[in-house]
Amino acid sequence: MTTFENKVCLVTGAGSGIGRAMAVAFAKAGARVVVCDVNAESAQRTAADLGDAAVSVAADISDETSVSALAEAAISAYGRIDVLCNNAGIMDTMALPADVTPELWERVLRVNLTGTFLVTHAVLPHMLHQGGGAIVNTASEAGIRGGAAGVAYTASKHGVVGLTKSVAWAYAKDGIRCNAILPGPTMTNIATGATFDPVGAARLGPVLALGERLAQPEQMADAAVFLASDAASFINGAIVPVDGGWSAA
Ligand code: NAD
């Protein structure tokens, strides 16, 4: 069995959905987990469920000051960061390029892409100092396709794929691996309270229906644990669909 004994894993967006499942899975595999979420209460709930194996940190990945404090809190709690799961993200309204507002574009790019970059940027010096680490980014099928979400989300997740490859290439000789999972539609809270652009939703509906099956967050977590583990020691820069075959259609 994969073991993360003596390893420290930082998961963003770990108060809900895929991130929560990742925190649980890494703790089960023996890691100590830094549970980060912008929603302090949900982060605390996840950490409390993991008992002594976790601490919670409320942080907004889109805010540089908050991200610096997150990295400091992780190092002050456990002294190192072996695994980073850049998982926090938000959806868009499915608006198509002619209809998206600049405000929505900025917000989605800020959280999904810049936020993922900021946390990576804050954690990399610690991994370099330690002599290694593993990063798993949660991208999306929308990171490799044009018709799986609105333009803002699609562009942000394509950016996460590019960031993944750049980090993988840049630090391959430093013992740092960086891979991405591409979840297909997964049963989480990401669409709770969402409003959709009617034009975009009508265009995207038939494509999304091809997914056929909704994944469980634990199925994403299993893939992340594998990619972060020594069993994947030569897998670096991989962009891995975890979608039950949706993208193969
Ligand atoms: P979710 O809404 O259940 O969980 C996301 C968590 O991220 C929430 O707890 C939220 O508070 C947190 N978060 C949002 N903005 C944040 C910020 N600025 N700083 C810190 N935390 C923040 O959704 P989920 O489906 O579990 O989403 C996790 C990741 O999976 C996202 O990157 C999402 O784009 C990706 N994804 C989800 C699906 C799906 O169908 N659910 C499909 C493909 C990709």
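**Exercise 1.** In which sense do strand 2 and strand 3 pair, and over how many bridges?

*Solution.* The model is a predicted one. Strand 2 covers residues 32-37, and its pairing with strand 3 is parallel, over five bridges. Within this pairing, Val35 is placed opposite Ser56 of strand 3.

**Exercise 2.** Determine the strand order of the sheet and identify its edge strands.

*Solution.* The sheet is open and contains seven strands, paired in parallel and ordered 3-2-1-4-5-6-7. Strand 3 (54-58) and strand 7 (239-242) are the edge strands, since each pairs on one side only. From one strand to the next, the twist averages 20 degrees.

**Exercise 3.** Describe how helix 1 and helix 4 are placed against the sheet.

*Solution.* Begin with helix 1 (residues 17-28), which lies across strand 1 (8-12), strand 2, strand 3, strand 4 (83-86), strand 5 (133-138) and strand 6 (176-183). The angle between helix 1 and strand 1 is about 170 degrees. Next, helix 4 (residues 102-130) packs on the sheet and touches strand 1, strand 4, strand 5 and strand 6. The direction of helix 4 makes about 170 degrees with that of strand 4.

**Exercise 4.** Compare the span of helix 5 with its expected value, then examine its buried residues.

*Solution.* Helix 5 (residues 151-170) has 20 residues. From first C-alpha to last it reaches 28 Å, close to the 28 Å expected at 1.5 Å a residue. Its buried residues include Val160, Leu163, Thr164, Val167 and Ala168. An α-helix has 3.6 residues a turn, so residues three or four places apart point the same way. Among the elements covering the buried residues of helix 5 are helix 4, strand 5, strand 6 and strand 7.

Terms used. Residues numbered from 1 in each chain as written. Predicted model: local features only at pLDDT ≥ 70, side-chain atom pairs only at ≥ 80, totals over all residues. Pairing = 2+ DSSP bridges. Helix = DSSP H or I, 4+ residues; strand = E, 2+ residues; numbered from the N terminus. Axes fitted to C-alpha atoms, helices over the stretch in contact; angles between N-to-C directions. Contact = placed C-beta atoms within 7 Å. Expected span 1.5 Å × (residues − 1). Buried ≥ 20, exposed ≤ 12 C-beta atoms within 10 Å, placed from the backbone.
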